[in-house]
Amino acid sequence: MERTTCCVVGGGPAGMMLGLLLARAGIRVTVLEKHRDFLRDFRGDTVHPSTLRLLDELGLGERFAQLPFPKLEEMRMEIAGTTVVAADFSRIPGRHKYIAMVPQWDFLDLLASAAAAEPSFTLRMCTEVTGLRRDGGRVTGVRYTAEDGTAGEIAADLTVGCDGRRSVVRGEAGLVPEEFDVPMDVWQVRVDAPRGGLKDGRVFARFGDGQAAVTMDRGTYFQTSYLIGKGRDAELRSHGIQWFRDRLGAFFGWDAAVTAGIGSWDDVKLLDVSMGRLPRWYGNGVLCIGDAAHTMSPVGGVGVNLAIQDAVAAARILARPLREGTVCGHDLERVQKRRTLPTALVQQSQQGEHQLIRSALDGTLTPGTMPLPLRILRRARPLRAATAYIGGIGIRPERAPAFARA
């Protein structure tokens, strides 16, 4: 029987950060990732100031800075023909006054490389968790299938689900989230950047005329999220791909030569948006964090950084009881209590932004019906720093534990 102290399921941002921090505490930790590598399109690739500060504290800031990435210093929105600067990151405190636009695979490779230097850390790729081990009412590890199809088990004092919105760990543990209403799904597509595009790294959102979309200038292409009404994917695809090219091009002012790069509907990926939160994040011997505990809307791109904050809090709270072999439900409850407030506040904010999206998609959005906070932002420039702080640093930001610092 293979054995580890903490088995982390999922090699995303939360899982890799938790694995690194626990390993630096000298705890045996095994991270299981079902894919062969981290290379997947359309994943959250915004690294916020709170995470950049954390990387500095972990001694990884210089290595991260060597990655090529544009910096997002402000967030602009065009709402019913009116431009609003929703956040100005150049005004927030601290060294990092921007969001780094880094492909998630580069960020995960950095964490994996740092963790590999710790003797108590193990990362196993191509290992898909299929269920949980139990002894009576306690979770005692996981069952998995390896790349060659062979089945195996790993015993663990604690199993942590960091396996995302479709978490196997959450389902197997019998933890059921409370779901919140969302008005949209998202089509994700790359569009070749026209000459004289926006500005490298800028994010621009547009709402109006029955449409809503967000585009990010990545230099050679625009990474674009086009919002559609919830559940309307099949209906809208029946119009044909030229309908979408024309609609998207007219919305952003891109000519046919730009949108021609969208070859077929195969190039348009659907994100089935959901948002929810577990009333209870843990069970006997098992804990969920990140999207496994609280599925976030893509609004604001905060999901990755919220998950990383969960991982930091979990590592700080659980390192000692894991090292001493005394981890219990009270310790897991402390993690949830620490992270519930910032999670709930972010989701409440996202629900407010969903009202803007709903009115844009149903065609009722006008300058006069623009949400009051956005109308205030148009006139009160100092408030743009406050929105940047909430989005970039957040409520109750976590600092690296002493045992993990460089």
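# Close-up views of a predicted model

**View 1. Helix α1 passes helix α9 in a right-handed crossing.** The model shown here, as in every view below, is predicted. Helix α1 covers residues 13-24, and helix α9 covers residues 303-324. Their axes come within 8 Å and cross at roughly 30 degrees. Angles under 35 degrees count as roughly parallel, and α1 and α9 are therefore roughly parallel to each other. On the α1 side, the contact uses P13, A14, M17, L18, L21 and L22. On the α9 side, the residues include V304, A307, I308, A311 and V312. Further along α9, A314, A315, A319 and L322 also meet α1. What classes of residue make up the contact of α1 with α9? There are 15 nonpolar residues, no polar ones and no charged ones.

**View 2. Helix α2 also packs with helix α9.** Helix α2 spans residues 49-57. The axes of α2 and α9 are 9 Å apart, at an angle of about 40 degrees. The two helices are therefore oblique to each other. Their crossing is left-handed. From α2 come S50, T51 and L54. They meet N305, I308, Q309 and V312 in α9. By class, this contact of α2 with α9 has three nonpolar, four polar and no charged residues. Look for I308 and V312 in both views: these α9 residues meet α1, and they are also among those that meet α2.

**View 3. Helices α11 and α12 cross at roughly 125 degrees.** Helix α11 runs over residues 372-379, and α12 over residues 383-392. Their axes come within 8 Å. The angle makes α11 oblique to α12. Which residues make the contact? I376, L377 and R378 come from α11, and L383, R384 and T387 from α12. The contact of α11 with α12 divides into three nonpolar residues, one polar and two charged.

**View 4. Aromatic rings W187 and F244 form an edge-to-face pair.** The count for the model comes to 10 aromatic pairs. In the pair of W187 and F244, the ring centres are 5.2 Å apart and the planes stand at 85 degrees. A second pair joins F251 and F252, with ring centres 5.5 Å apart. Their planes are at 65 degrees, so this pair is edge-to-face. F251 and F252 are both buried. Ring pairs also build a cluster, which links W187, Y226, F244 and W265.

**View 5. T343 is a buried residue of helix α10.** Helix α10 covers residues 329-361. T343 has a relative accessible area of 0%. What does T343 touch, beyond its neighbours within four places in sequence? The residues in contact with T343 are R277, W281, H294, M296 and L306.

**View 6. P397 lies in the segment after α12.** P397 is partly exposed, with a relative accessible area of 23%. Leaving aside neighbours within four places in sequence, P397 is in contact with R53, Q309 and R338. How far is P397 from L306 in space? The distance is 9.1 Å, C-alpha to C-alpha, although P397 and L306 are 91 residues apart in sequence.

**View 7. A80 and C126 are loop residues with positive phi values.** A80 sits in the loop between β5 (74-79) and β6 (82-88). Phi of A80 is near 50 degrees, and A80 is not a glycine. A80 is partly exposed, with a relative accessible area of 25%. C126 belongs to the loop between β8 (121-124) and β9 (128-135). Phi of C126 is near 55 degrees, again a positive value in a residue other than glycine. Is C126 buried or exposed? Buried means under 20% relative accessible area, and C126, at 13%, counts as buried.

Conventions: Residues are numbered from 1 along each chain as its sequence is written. This is a predicted model: local features need pLDDT of at least 70, side-chain atom pairs count only at pLDDT 80 or more; totals for chains, interfaces and linings use all residues. Side-chain values use heavy atoms; hydrogens and water are left out. Axes are lines fitted to C-alpha atoms, for helices over the stretch in contact, and angles run from 0 to 180 degrees between N-to-C directions. Helices (H or I, at least four residues) and strands (E, at least two) are DSSP runs, numbered from the N terminus. Angles under 35 degrees count as roughly parallel, over 145 as roughly antiparallel, 65 to 115 as roughly perpendicular and the rest as oblique. A crossing is left-handed if the near helix is turned anticlockwise from the far one by less than a right angle, and right-handed if clockwise. Contact means heavy atoms within 4.5 Å. Ala, Val, Leu, Ile, Met, Phe, Trp, Tyr, Cys and Pro count as nonpolar, Asp, Glu, Lys and Arg as charged, and the others, Gly among them, as polar. Rings of Phe, Tyr and Trp (its six-membered ring) pair if their centres lie within 6.5 Å; planes under 30 degrees apart count as stacked, over 60 as edge-to-face and the rest as tilted. Buried means under 20% relative accessible area, exposed over 50%, partly exposed in between (1.4 Å probe, protein chains only).
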